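Me: I would like to work through this structure with you, one step at a time. Could we start with the terms and then turn to the packing?

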Amino acid sequence: MLSNRSDFWFSGQQLRPAALTFLPFLVWGLLQVLLYIKFGVQVPRDAQARFIPYAQEIVQHFQYEPGLNIRYASYATLMAAFLKAGLPFGFLIGFQVLLSGLALYLVQRMVAAFTNSRLCAAVAALLVASSQDMHQWNFYMLTESVFTSSLIFCLATLVLIKNCVYLWFSLPLWLFTCFVRPNGFIIVAAAAVYFFTSFYMKATAAQRRLFWIGVGATGIVLLLVINQLLGPFTLVETYARGEVIYGTYYSPLTPPGSSFFYRITPPDTLQMPPTQAPALLKLFLFFWHNPVYSLKLALAKGFTFLIFAKPHFSKLHNFLIIATVYPCYLLTVMALRRRKNLPITLTLLSVIGLQTVMVMFTVEDWDCRFTAPILPFVFMLGAMGIKSIWGEKLPHWDSITTNGNKL
């Protein structure tokens, strides 16, 4: 009888890790089916006007347009590959779904590596797997799904691959990610944060001075890159309209009494920069001549972006956001207390922070599709915060390694 009880207890211990590993994928698979039933294959106007013609141009002439479209070259190339193979758009959607599944696996692997906890890894993976705000974009021919997965792939190569030679082989992935969307460069900046914080804590005073010189040089290069990326965009014109969420100046989206989330009324004394000035100079001049309004508009965009919940969302939608995203914001503060994971914590925060800054300088979207790429990073930080608070109280079977050995 005792032996049977022991066998039952031992088998129960084995089942728990297996259940924690596979439950997120079960939830993910069920959500993909439900979203496909709801959305099918979505071909929005952006795809019809930009991505499909661009992909057709690549297929027919192998020609990449200069200007704004080159910033979407990776996604257009991916679409062109499916067009060249004669496959319908449903296959591209299926590929985006598969990429999101692989990204989910890597999220679980990364959190397990950061926390040495099966429960923390399962929490992060379940939050990612069950997020409709992320996965609905798998069924749209837009960049958000591939961009979100690519960011996770890049981060995984950064923190899971220990061999520098293998890391060099991931450079095509990083280049691909940079050209999925105009803000693709944020993952390179996040990698710089990772390497800087990893080596800075162990560096000598002389090495730290060299680091700061490198940071200054990188900052100058980044400003030049941003100036080129912003060139085709009419940012200052959206500032003049007071748009917090894009398009609300000329749409009926804004409900009465909620204008802060949508538009801010510009002052009568608003001064505009010269139209022919370089992009960064136009931004500087606009902020210089309209400091109070510029700060108010930027903070409104950042707040609207990070608050995530919106007046035009359903009550259930906003409740789910409050129940899942907001606790992770609070847990992020606790994650910062673990000095051992400080480089990766700051790297995750840098992705979120840079995306937020991009929205503050540009504009938020009404359906929060710009938020989707940062949600996995928010959920990973939340799981790391759980480890910081309850790490010593987690059950013994939760640990993945003991003294460096796999259990």
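Reply: A crossing is left-handed if the near helix is turned anticlockwise from the far one by less than a right angle, and right-handed if clockwise. Helices (H or I, at least four residues) and strands (E, at least two) are DSSP runs, numbered from the N terminus. The model is predicted, so local features need pLDDT of at least 70 and side-chain atom pairs count only at pLDDT 80 or more, while totals for chains, interfaces and linings use all residues. Residues are numbered from 1 along each chain as its sequence is written, and side-chain values use heavy atoms, with hydrogens and water left out.

Me: In which hand of crossing does helix 4 pass helix 7?

Reply: Helix 4 covers residues 89–115 and helix 7 covers residues 144–160, and they pack at an angle of about 35° with their axes 9 Å apart. Axes are lines fitted to C-alpha atoms, for helices over the stretch in contact, and angles run from 0 to 180 degrees between N-to-C directions. The crossing of helix 4 with helix 7 is left-handed.

Me: How many of the twelve residues of helix 5 are buried?

Reply: Buried means under 20% relative accessible area, exposed over 50%, and partly exposed in between (1.4 Å probe, protein chains only). In helix 5 the buried residues include R118, C120, L127 and V128. Helix 5 is mostly covered, and its buried residues number nine.

Me: What percentage of the 407 residues in the protein chain is buried?

Reply: The protein chain has 17 helices and two strands. Of its 407 residues, the buried share is 47%.
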